[in-house]
Amino acid sequence: MVADNFDEVVDRGESVPELEVAPQDLYHAKSFWTRWIFSQDAKVIGIQYSMTAIAIGLVAMVLSWLMRLQLGFPELFSFLGPAEYYQFVTMHGMIMVIYLLTALFLGGFGNFLIPLMVGSRDMVFPYVNMVSFWVYFLAVLILVSSFFVPGGPTGAGWTLYPPQAITQGTPGSGAGIVLMLISLSVFVVGFTMGGLNYVITILQARTRGMTLMRMPLTVWGIFTATVLALFAFPALIVSCIMMTLDSLLGTSFFMPTIYELGEKLSYGGGSPILFQHLFWFFGHPEVYIVALPAFGIVSDLISVHARKNIFGYRMMVWAIVFIGALSFIVWAHHMYVSGMNPWFGFFFATTTLIIAVPTAIKVYNWVLTLWRGNIKLTLPMLFSLAFIVTFVNGGITGLFLGNVIVDVPLSDTYFVVAHFHMVMGIAPVLVVFGAIYHWFPLITGRFLHEGMGRFHFWVSFLGSYAIYFPMHYLGFIGVPRRYYEMYNSEFIPTSAVGLNQFITIAALTVGFAQIVFLYNIITSAKFGKKAGKNPWQACSLEWQTPDVPPTHGNFGKELPVVYRWAYDFSVPGARDDYIPQNVAPSEVPEAKAEKT
Amino acid sequence: MKKKESFFKLITQKPWEPSQVKLDNLHTGETLTLSKGKLGLRFIMIVSTIFFCLFIVTYADRMFFPDWEKMPEPSLLWINTILLLVTSIVFINAQIASKNKDFIKVKKRFLIIGFLSFTFLLGQIFVWNQLINLGYFMATNPANAYFYLFTTLHGLHLMGGLIYWNMTLKKVLKPREVMVEKTQQAVELCAIYWHFLFIVWLVLFGLMLLS
């Protein structure tokens with residue numbers, strides 16, 4: 001929307017008239033509780049989201065260590081039985097995808113960055129935003145409580161497929177699965193509250209001059225991912241509600257006629273495939289709910305640390321929107337082996353492969369941004385470069401699995417495990433790390449320790465490849481996933497045993513690097529080198545606040561006015577190699593060109 | 001007059017071109033002419049619509065299975081439907097009064113709306129009671145399960161609406177000069193949500209009647 005009198009102003013020339021912007025109602029905290037615990041400040045809420053997500057993510061990481069110890073050295077360790085193994089696999093997957101990555105990217109980075117980057121004082125509905133975090137927190141508590149109920153947490157696999165998820169024999173088929181379903185439902189309710197804030201703040205509460213096409217790509221990524229989540233999460237909650245009723249009240253939405261321990265159960269006529277469709281209608285967009293914010297953030301990191309404007313900004317925006325739209329019509333590629341009509345498979349294989357087009361555009365644009373850039377090998381840049389390589393790697397194996405004929409023999413093997421960990425585990429997590437190294441000076445006013453950071457980077461990056469490259473091979477030789485142990489299985493060659501040991505050692509080493517990273521965060525927050533204002537010399541608004549770290553209300557007395565996009569780096573003629581978004585053309589008359 | 005631009009037009013702008021720069025520098029920062037409250041409500045309605053549509057898709061899938069047995073429709077359901085219709089009509093009336101700043105009338109209408117809504121919820125519980133007494137339990141047949149599920153979810157949405165109704169009622173009971181616009185908007189949002197829930201109910205009820 002442009003100002004009422006824009007025609008006259010354009011006719012007059014370049015002068016920008018005064019425009020009254022209605023002040024935003026801000027809640028001012030009066031006590032410790034309302035300032036730090038039940039805070040309505042999006043920055044505090046973002047940190048609360050991040051800390052909770054990282055805490056529960058650490059639980060999932062420890063679970064993965066235990067799984068790896070079991071897989072690598074099944075005869076050495078006896079603390080893990082088959083039931084626990086399945087439970088840990090399930091909880092690891094669900095926590096990492098939903099409670100860590102989704103919550104961290106949207107709740108954490110979304111809350112912290114959106115108002116700052118679009119030039120707003122806060123989210124549009126701060127109270128609802130605060131409730132959103134506490135509902136998420138409740139969801140995490142419910143999830144954790146499932147570790148302590150009789151039977152333990154569910155071991156149905158993160159996809160929770162019925163009928164096995166709620167029938168005896170599957171670990172946690174009683175209280176465990178019900179708590180998981182309730183926790184997911186609560187998560188969706190909490191997310192919807194937050195998502196509403198992110199979308200409406202971006203659409204309606206930007207500062208003066210901040211058009212949609214001047215927004216940093218981080219905001220575009222988070223915006224599109226939130227819209228996807230608002231449209232996709234209903235499918236998750238619908239399937240959770242129906243399966244809870246199947247489990248607790250004996251309905252047969254998803255439960256077919258089934259015998260359990262030789263006895264016919266009262267269920268009958270339900271469709272497990274229906275659950276799969278609902279789950280993946282949520283599950284596939286979920287991949288992009290995690291990936292799109294990562295795409296956006298990495299674009300900004302590359303641009304800032306290569307001192308060059310992002311290549312093909314409009315294409316980048318379109319690719320984000322196009323990928324988001326396509327993500328809703330590819331879900332059944334997760335179900336090629338469910339016995340679907342071959343034409344159905346053909347359709348979904350085609351749509352899946354089409355996604356490679358906008359995704360490739362993004363990769364080309366990242367590389368072309370680096371081309372002839374003034375690349376600084378800072379920690380955020382190292383993580384960004386690692387992301388590009390890893391994402392391409394994971395994406396290429398996605399082309400294998402997107403084809404029905406290749407997918408069928410590779411289904412349920414370690415190839416799939418390697419693929420999805422590379423593309424939606426390691427790749428986005430590398431962006432998370434890069435983003436933390438990049439924005440830590442804004443959050444705390446201090447840098448993270450460089451030496452520990454480089455150790456963290458190299459061990460995490462090389463270690464991840466040491467974990468997942470061999471897994472591709474394991475998949476090719478037919479090693480199935482979800483096996484508790486593989487000794488004495490004739491079809492599994494002995495080379496797999498050695499590889500599993502190697503992978504376990506690599507996984508533990510990578511795990512150790514994360515402990516170093518956490519130590520770095522804790523110590524640097526207090527003792528780190530002081531960063532000062534805008535230490536990376538970035539153009540976007542979050543670095544232009546009068547105070548660092550930004551205080552309540554973000555921008556002091558007056559909101560900034562935006563005159564340019566977020567990527568005016570190395571503009572010919574300009575004194576500095578960057579021009580912040582809120583610098584008026586009259587302040588940099590020597591700058592000769594401001595274009596892509 | 002404020003200029004509206006389509007989303008497609010917005011994302012095809014070339015922010016680096018001098019002519020676009022001039023326009024962009026005058027941009028207010030708002031994409032749509034809607035208020036934040038109205039936009040928020042629209043998003044809630046979109047999410048709820050997807051939510052109910054997905055249930056309807058599963059319903060349409062499940063009803064063709066051989067074990068599907070249609071449920072009876074107690075006449076009380078028709079009465080409940082009329083109650084919702086009347087509530088929506090009263091809401092229209094309240095909206096008109098609110099626009100005319102006749103908050104005494106709005107208050108009366110709001111109390112009637114509350115009474116009708118609670119009566120509707122009670123009515124639904126009576127219907128459940130009747131059906132359970134007739135032996136139509138949730139686990140007996142998928143058609144029954146869907147009936148109880150749909151009525152519960154619709155009821156929960158209505159109860160959520162009643163929380164906002166309560167907040168709006170507080171504003172209406174103590175109308176302050178500075179709050180007139182906010183109160184008017186709250187009344188309008190409440191009304192839109194009730195109309196939406198009426199339509200949702202019509203779709204769900206119609207689906208259950210026809211299948």
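A residue counts as buried if 20 or more other C-beta atoms lie within 10 Å of its own. In this predicted model, buried residues account for 33% of the 211 residues of chain B.

The overall dimensions of chain B can be considered next. Its C-alpha trace extends over about 70 × 45 × 20 Å along the principal axes. The radius of gyration of chain B is 22 Å, whereas a compact globule of 211 residues would have one near 17 Å.

The secondary structure of chain B consists of 7 helices and 0 strands, in the order α-α-α-α-α-α-α from the N terminus. Of the contacts in chain B between residues at least 6 apart in sequence, 76% link residues at least 24 apart.

A helix pair in chain A shows packing at the level of individual residues. Helix α4 of chain A (residues 82–118) and helix α7 of chain A (residues 217–249) have axes that come within 10 Å and cross at roughly 130°. Because angles from 65 to 115 degrees count as roughly perpendicular and those over 145 as roughly antiparallel, α4(A) is classed as oblique to α7(A). The crossing of α4(A) past α7(A) is left-handed.

On the side of α4(A), the contact is made by A:F105, A:L106, A:F109, A:G110, A:L113, A:I114, A:M117 and A:V118. From α7(A), A:T218, A:V219, A:I222, A:A225, A:T226 and A:A229 take part. The residues in this contact of α4(A) with α7(A) comprise 11 nonpolar, 3 polar and no charged residues.

Conventions. Residues are numbered from 1 along each chain as its sequence is written. Chains are lettered from A and ligands numbered from 1 in the order in which they are written. This is a predicted model: local features need pLDDT of at least 70, side-chain atom pairs count only at pLDDT 80 or more; totals for chains, interfaces and linings use all residues. Helices (H or I, at least four residues) and strands (E, at least two) are DSSP runs, numbered from the N terminus. The radius of gyration is taken over C-alpha atoms; the globule rule is 2.2 Å times the number of residues to the power 0.38. A residue is buried if 20 or more other C-beta atoms lie within 10 Å of its own, exposed if 12 or fewer, and partly exposed in between; C-beta atoms are placed from the backbone. Two residues are in contact if their C-beta atoms, placed from the backbone, lie within 7 Å. Axes are lines fitted to C-alpha atoms, for helices over the stretch in contact, and angles run from 0 to 180 degrees between N-to-C directions. Angles under 35 degrees count as roughly parallel, over 145 as roughly antiparallel, 65 to 115 as roughly perpendicular and the rest as oblique. A crossing is left-handed if the near helix is turned anticlockwise from the far one by less than a right angle, and right-handed if clockwise. Ala, Val, Leu, Ile, Met, Phe, Trp, Tyr, Cys and Pro count as nonpolar, Asp, Glu, Lys and Arg as charged, and the others, Gly among them, as polar.
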